[in-house]
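Hi there,

Here is the structure I promised to pass on. My notes on it follow below.

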Number of protein chains: 2
Amino acid sequence: MRTSLKKSITLSDVAKTAGVTSMTVSRVVNQNGYVSEETREKVLRVVKELNYRRNGLARGLKRQRTDTVGLVLGDIANPYSAELARSIRDVTTERGYNLFICISEHSGKEDVAAFESLTDHQVDGIIVATRSNRMGDEYLHEMIERGVPVVCVGRDFHDENADTVTADALNGGFQATQHLIDLGHKKIAFIGATLSSGQNLKRFQGYLQALKANNLKIDERLMTGNTEANDDAPGYSTEKLGYEAMKRLLALPNRPTAVFARNDFTAIGAINAIKESGLKIPSDISIVGFDDIPMAMHTYPALTTVRQPTRRQGTLAAEFLLRRVESKAPVELEEKVLECELIVRDSTAQLKR
Amino acid sequence: MRTSLKKSITLSDVAKTAGVTSMTVSRVVNQNGYVSEETREKVLRVVKELNYRRNGLARGLKRQRTDTVGLVLGDIANPYSAELARSIRDVTTERGYNLFICISEHSGKEDVAAFESLTDHQVDGIIVATRSNRMGDEYLHEMIERGVPVVCVGRDFHDENADTVTADALNGGFQATQHLIDLGHKKIAFIGATLSSGQNLKRFQGYLQALKANNLKIDERLMTGNTEANDDAPGYSTEKLGYEAMKRLLALPNRPTAVFARNDFTAIGAINAIKESGLKIPSDISIVGFDDIPMAMHTYPALTTVRQPTRRQGTLAAEFLLRRVESKAPVELEEKVLECELIVRDSTAQLKR
DNA sequence: TAATCTTCTGTTATCGTTCACATACGTTTC
DNA sequence: GAAACGTATGTGAACGATAACAGAAGATTA
């Protein structure tokens, strides 16, 4: 038996059955305005009996708000995305908003599709955590121009009416490299350099700056770049990249004594390559990752890495967004950059001399 | 300068400016009905000029459908969820539907909240991929009763009006264990037994059945259970569980020669414990995982595991859902069980004698 | 030539809810 | 005892879009 084609119960269905007007039922359901205890009970009984559910479309249309915000994620498989989504949801839930997530993993076209489907549904605001790209960014500016509250997270973007929250990846990269330098390392490789802009580039720049600040030689052979794997590849897929890059680095006549990998997945791949070669971590080679994914503390040896304050990024972004959503007046621009933290575990050690 | 409080442009704003009625504009925007080329161009010009966007709420309200489906995910950090979401999205996108994702990671209460926010917004149907639980299931039945098309994926649930798609985890567990038995192993441990029902239990049951079918002794000391970590913990967190369980198994006077882990994360944890103990994989100990997460092929040694056809589950679920959404007539129940596939890599080998 | 069809546009009502206002009665206050 | 207030309900319009129908002009057919 199929029930799907039942017409749905409306406020006035309930009203009719309860012998009141729909306005009264509305008041009961939304718990505002005056309703006598007697009427309230009667209405609630009928609501239950008919299994009434309010129609959010009609409600949203009339109220001109939906109490819903959207989140657009690139790379849903990344633990970073997962934690970001969770932390955002915690805030939105607490403040009485629903959170709808859309994925856009490949192209600006998908970004636009996600933005459109969310604005179509009149979400009250949107948090954007995709990789930045021309087409998506253009549409973002348009949306903002149209008045949609927008906050960007962990992503390059600038608009005088959109807040941003990012981690200081440059300084994070600097810290990681400085840590290796402090341990006496001089031949420090970088795995996963990328030509495109964005957060990954910043990590690499931090590495370069640290080398320069310490007057170390910058050796291009020690920097493995982004060749076949494109930059949009999901995080975990870079493990293979790390494995292969490390193989190449180990084959160098003058192999590095330390490695800084663009992210933990890459680092894990590198660790596997090192183990396979018979070298020991950290006594023969030190390695540092980036992101502090949950697995980082469980690798063997436990991975030294740079933690970006993901949860804080999420909660801040959500708060910035809701501030815009709820404000009647113009809102001042927020562009928050959060500090990264070096987490020293067992994969790095003093250089043997 | 803040633009958010601009009132938004409606159909009739466009109509007024273009000197036609809103009906004509609607026809242009939706590309249906007759409109002269001249009028169409004029309207499109005004649409662009005013930056008009249609209001999906009003549209959905009138049309009684939103061309949107919802997906409720438990454990967003799990690669399985990511791939499921992607495959579902591929289908919905191609068929002209938007996909909104909600997360419900902890409780039945969160399930219900997710269901409510989706039905509130009048999605045309919902795909459910959370862990089953009493409260959530009850509400699901209610929703289905109310006529909301529902499909469940990878999850225990039965309702004569909701399709289900699952992988045959029992047979998967059986295959994994049989593989180890075929390699000559007799002392086969299981890591991550769980008392609660669900897919994880099935894997364990498959293990037990394979032992029985081969007349092997069932040794409870070789089955590490679900003690501190609760069953709702996200997938990756079980790596620690695997590490600790393996430590315990290695300390047994008569240690196992093979291990079947409830999932790949657990297996990776176990691998780390084994390596740490100085034993070699697979020559000293064979290990099999479950899920074939992307990282499984990158571990060292590459992990033998059981692959569930995640992508197929997603596309089937989406197709089943849209079939229900688009059908005017009653729909026959589908309860699809897909076969798992054993992926033999390098972490399993013939028992040394 | 009349009847029919095709093309184009407009009119009206409606989707389900809530806002703003109106009404009515009882209670307080000075 | 009249003005003011609190409580309880109802009325009508509106949110922005579209389905259904209607009308008018030109093209085609019988």
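How many residue pairs are in polar contact between chain A and chain B? The count is 15, with both residues at pLDDT 80 or more; a polar contact is a pair of N or O atoms within 3.5 Å, where within protein one must be able to donate a hydrogen and the other to accept it, and residues adjacent in sequence count only if both atoms are side-chain atoms.

A word on conventions: this is a predicted model, so local features need pLDDT of at least 70 and side-chain atom pairs count only at pLDDT 80 or more, while totals for chains, interfaces and linings use all residues. Residues are numbered from 1 along each chain as its sequence is written, chains are lettered from A and ligands numbered from 1 in the order in which they are written, and side-chain values use heavy atoms, with hydrogens and water left out.

Now the rest of the interface. Chain A brings 68 residues to the contact and chain B brings 68 residues (heavy atoms within 4.5 Å). About 6,500 Å² is buried between the two chains, with carbon and sulfur atoms giving 53% (accessible area, 1.4 Å probe, lost on putting the two parts together and summed over both).

Ten salt bridges cross between chain A and chain B (a side-chain nitrogen of Lys or Arg within 4 Å of a carboxyl oxygen of Asp or Glu). Arg86(A) and Glu105(B) also meet through their side chains in a salt bridge, at 2.2 Å, N to O.

Happy to talk it over!

Best wishes
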